[in-house]
Structure formats: C-alpha cells, structure tokens
Amino acid sequence: MAQSKMLHVRVDEETKTQASEALAAMGLSVSDAVRILLKRVVSDQAFPLELKVPNAETRKAMEEARAMMQARAARFDSAQALIDDLEEAGRQ
C-alpha cells in the first residue's frame, strides 16, 4: 500500500458537524468520505456528483465577480452601501 499523506480541507464548523453526524450514521468518518470521493475521481476520471451549468443570472454574477477581482474593484464603496442594497432588494 502506498504511503498516506495528510490532506487539509477548510469547511465551516456547522457543515463539518452536520456532515460528521450524517456520515457517522452511515458508519463512515469524514476522512472515509473524502477517500471515497477521491477514489471515485481516480477510477471514473470524473467528478462523481452531477454538476449543472449555472443559469444566466448566476453566470452574470460569476462574470461580474471575476471582473471585480481582476480590476481589484468593489461594486460598493462601503459595507453600509452593500447592506443598504441587500435590504432594498429584500423589500422588492
């Protein structure tokens, strides 16, 4: 058997806890699940879950985010401007 290596994955605490509980109910650990995922990628040469093409609104948002990252520019001048925009959108 090949020597194993450590793999570090960042995930928020709530997701980790919920995933750990669900996997434990199946008799698996998070490490077991990651190993299964990676083994499937290797054997199938594909991601083992269905990935869908984003809709037009999501594609537009992704393009906007990429452009902002390249330009190192923000869509809002301040955090308050962002909050105001989100609150306005919530009222509509």
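Begin by selecting helix H2, which gives the most residues to the lining of the largest pocket, six in number; helices here are DSSP runs of H or I with at least four residues, strands are runs of E with at least two, and both are numbered from the N terminus. This is a predicted model, in which local features need pLDDT of at least 70 and side-chain atom pairs count only at pLDDT 80 or more, while totals for chains, interfaces and linings use all residues. Residues are numbered from 1 along each chain as its sequence is written, and side-chain values use heavy atoms, with hydrogens and water left out.

Next, display the pocket itself, whose volume is about 800 Å³. A pocket is an open set of points, on a 1 Å grid over the protein atoms alone, where a 1.4 Å probe fits and protein lies on both sides within 12 Å along at least five of seven lines, and lining residues have an atom within 4 Å of a point. Points are joined across faces, edges and corners, and the volume is the space filled by probe spheres set on them. Select Leu7, Val30, Ser31, Val34 and Arg35, which are the closest to the centre of the largest pocket among its 20 lining residues. Coloured by class, the lining shows 11 nonpolar, five polar and four charged residues, where Ala, Val, Leu, Ile, Met, Phe, Trp, Tyr, Cys and Pro count as nonpolar, Asp, Glu, Lys and Arg as charged, and the others, Gly among them, as polar.

Staying in helix H1, select Glu21, which counts as exposed because its relative accessibility is 54%; exposed means over 50%, buried under 20%, and partly exposed in between, with a 1.4 Å probe and protein chains only.

Now zoom out to the whole chain, which has four helices and zero strands. Its radius of gyration, taken over C-alpha atoms, is 20 Å, well over the 12 Å that the globule rule gives for 92 residues, so the chain is more spread out than a compact globule; that rule is 2.2 Å times the number of residues to the power 0.38. The C-alpha trace spans about 55 × 30 × 25 Å along its principal axes, and 1% of the 92 residues count as buried.

Finally, colour by pLDDT, the predictor's confidence in each residue from 0 to 100: confidence is lowest in helix H3 (residues 56-71), at a mean of 87, and highest in H2, at 95.
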